[in-house]
Amino acid sequence: MRRSTLVIAVVVLAVLLPMWFVAAHGEPPSEEIAIDQSVSEIQPLESLVDTPNKLSPSQVGVIIWVVLFALVGVLAAAHRFMNRAVRRSDPGDSPSLPARVLPWLETENRWLVAYEDAPDSIEGLVAMAGLTVLSIVFAALFTGEYLTLARTQYFGLYATGLFLSLAMLTVAYYAWFMPHVAVAERRGHGE
């Protein structure tokens, strides 16, 4: 494990452990309110995972921090994927710079340093097609959940799937179908 990763993990734990201790002593859980099964077969409180019915503000704070740290990890993993899995690993392998450059890209204070054309591979088309289908499926499930009165407990699951598949579609497009351009810019110009 790299030293920087260890330092980040220690800082995260130093923040989360006291918060989790305070959250563990929050409000007592409340009793679940259920529909009378003799009247109706609807089970709106049924879910994939047993969850508490009531959370204290400190418990919500800890959950939000954990989710934010997980989001940072997902973003870092997506960025590493885009730069390592698809792009060339050796910058010296990059092809020559394009002959025609957009006028706003190169000025007297900014110039092109490296240019790598988009891979445009079949793997990218397959990934984008699969993620598009997945987005459509989650959108249909979300709409179906909204239109039925019997079940509304999977809104979050379907919305998460929809947003993640759309985000990964964006990542796949960037990785396989956009050129990698590096520019250098002189600082202090215009003074």
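**Architecture and surface of the predicted model**

Of the 191 residues in the protein, 18% are buried. The model is predicted. Its accessible surface amounts to about 14300 Å². Carbon and sulfur atoms supply 67% of that area. The secondary structure consists of four helices and two strands. From the N terminus, the order of elements is α-α-β-α-α-β. Among contacts with a separation of 6 or more, 72% join residues 24 or more positions apart.

Helix 2 covers residues 57-86. It contains 30 residues. From the first C-alpha to the last, helix 2 reaches 43 Å. This is close to the 44 Å expected at 1.5 Å a residue. Its buried residues are Q59, V62, A78, M82 and V86. Their cover includes helix 1 (3-24) and helix 4 (155-177).

A nonpolar patch lies on the surface. It is formed by V60, I64, L68, L71 and L75. Together these residues present about 440 Å² of accessible area. V60, one of the patch members, is found in helix 2. The relative accessibility of V60 is 34%. V60 therefore counts as partly exposed, since that class lies between the 20% limit for buried and the 50% limit for exposed residues.

The loop between strand 1 (110-116) and helix 3 (122-147) contains S121. The relative accessibility of S121 is 18%. Buried means under 20%, so S121 counts as buried. With residues up to four places away in sequence set aside, S121 touches W176 and F177.

Aromatic side chains were examined next. Rings pair if their centres lie within 6.5 Å. By this rule, there are five aromatic pairs. In one of them, the ring centres of Y146 and F155 are 6.4 Å apart. The planes of these two rings meet at 40 degrees, so the pair is tilted. Stacked pairs would need planes under 30 degrees apart, and edge-to-face pairs over 60. The two partners also fall into separate accessibility classes. Y146 is exposed, with a relative accessible area of 58%. F155 is partly exposed, at 25% relative accessibility. Y146 and F155 belong to one aromatic cluster, together with F142.

Terms used: Residues numbered from 1 in each chain as written. Predicted model: local features only at pLDDT ≥ 70, side-chain atom pairs only at ≥ 80, totals over all residues. Heavy atoms only, no water. Phe/Tyr/Trp six-rings, centres within 6.5 Å; stacked < 30°, edge-to-face > 60°. Buried < 20%, exposed > 50% of the residue type's maximum accessible area, 1.4 Å probe, protein only. Patch = residues over 30% accessible without salt bridge, like charges linked within 9 Å, V, L, I, M, F, W, Y side chains within 5 Å. Areas by Shrake-Rupley, 256 points an atom, 1.4 Å probe, with all protein chains shown as cover. Salt bridge = Lys/Arg side-chain N within 4 Å of Asp/Glu carboxyl O. Contact = heavy atoms within 4.5 Å. Expected span 1.5 Å × (residues − 1).
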